[in-house]
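Trainee: I would like a close look at one part of this model. Please take the aromatic rings and walk me through them.

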Amino acid sequence: MKKYVAALTALLASGNTIACSCKSFTLPQARQVSDVVFVGQVAMLQCSSTPGKTAVNFSVSSAFKGRTDQETVVLIESNSSSCGYVKPFFFPGSTYLIFAYQDGSGLETSRCLPNKVGTVSAEVVRVLQAGRLHGDVYHSAVPRSGPA
């Protein structure tokens, strides 16, 4: 047991571990730090030409901020050791509320933003459309690159 504790302590002290810290966003704050906010159904997941990323193709049904095409691709970090999504999170046929930011030539999101699966309530739609301050807090991890 002492060897196990000593080994774990040495590993943690070495700095070789990566932990994702979390930040709480109100819905308007998440909207503010995102370039694009939309509701869409996952059409397909595919490998990205960017290492460590997965491309998620969405059929957009409602856009609340930014410009999206009816079919929009959003890249996600697919490596959980770098604060990416633990697979699987996105399922073809499921509907999601997506907060994304412009990174290079395309859109990206991360588990650092409060992306949610399922039906979006009328109250959330009103808040997203208005972009007004609201008391609901959505918890998410703080991104390493992208919105702070």
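Predicted model: local features only at pLDDT ≥ 70, side-chain atom pairs only at ≥ 80, totals over all residues.

Mentor: Thr 109 counts as buried because its relative accessibility is 2%, and the cut-off for buried is under 20%. Its side chain reaches the backbone oxygen of Phe 99 at 2.5 Å. Beyond its close sequence neighbours, within four places, Thr 109 contacts several residues, among them Val 74, Ile 76, Tyr 101 and Asn 115.

Now the rings. The structure holds four aromatic pairs. One of them joins Phe 38 and Phe 58. Their centres are 5.3 Å apart, with 75° between the planes, and the pair is edge-to-face. This pair links distant parts of the chain. Phe 38 belongs to strand β2 (residues 36-47) and Phe 58 to strand β3 (residues 53-65), 20 residues apart. Both Phe 38 and Phe 58 are buried.

Phe 58 also pairs with Phe 90. Here the centres lie 6.0 Å apart and the planes meet at 85°, so this pair is edge-to-face. Again, distant parts of the chain are linked: Phe 58 is in β3, while Phe 90 is in the loop between β4 (71-77) and β5 (95-103), 32 residues apart. How accessible are these two? Phe 58 has 1% relative accessibility, so it counts as buried. Phe 90 has 5%, so it counts as buried.

Now put the rings together. Ring pairs link Phe 38, Phe 58, Phe 90 and Tyr 96 into a cluster.

Notes: Residues numbered from 1 in each chain as written. Heavy atoms only, no water. Buried < 20%, exposed > 50% of the residue type's maximum accessible area, 1.4 Å probe, protein only. Polar contact = N/O pair within 3.5 Å; in protein donor to acceptor, adjacent residues only side chain to side chain. Contact = heavy atoms within 4.5 Å. Phe/Tyr/Trp six-rings, centres within 6.5 Å; stacked < 30°, edge-to-face > 60°. Helix = DSSP H or I, 4+ residues; strand = E, 2+ residues; numbered from the N terminus.
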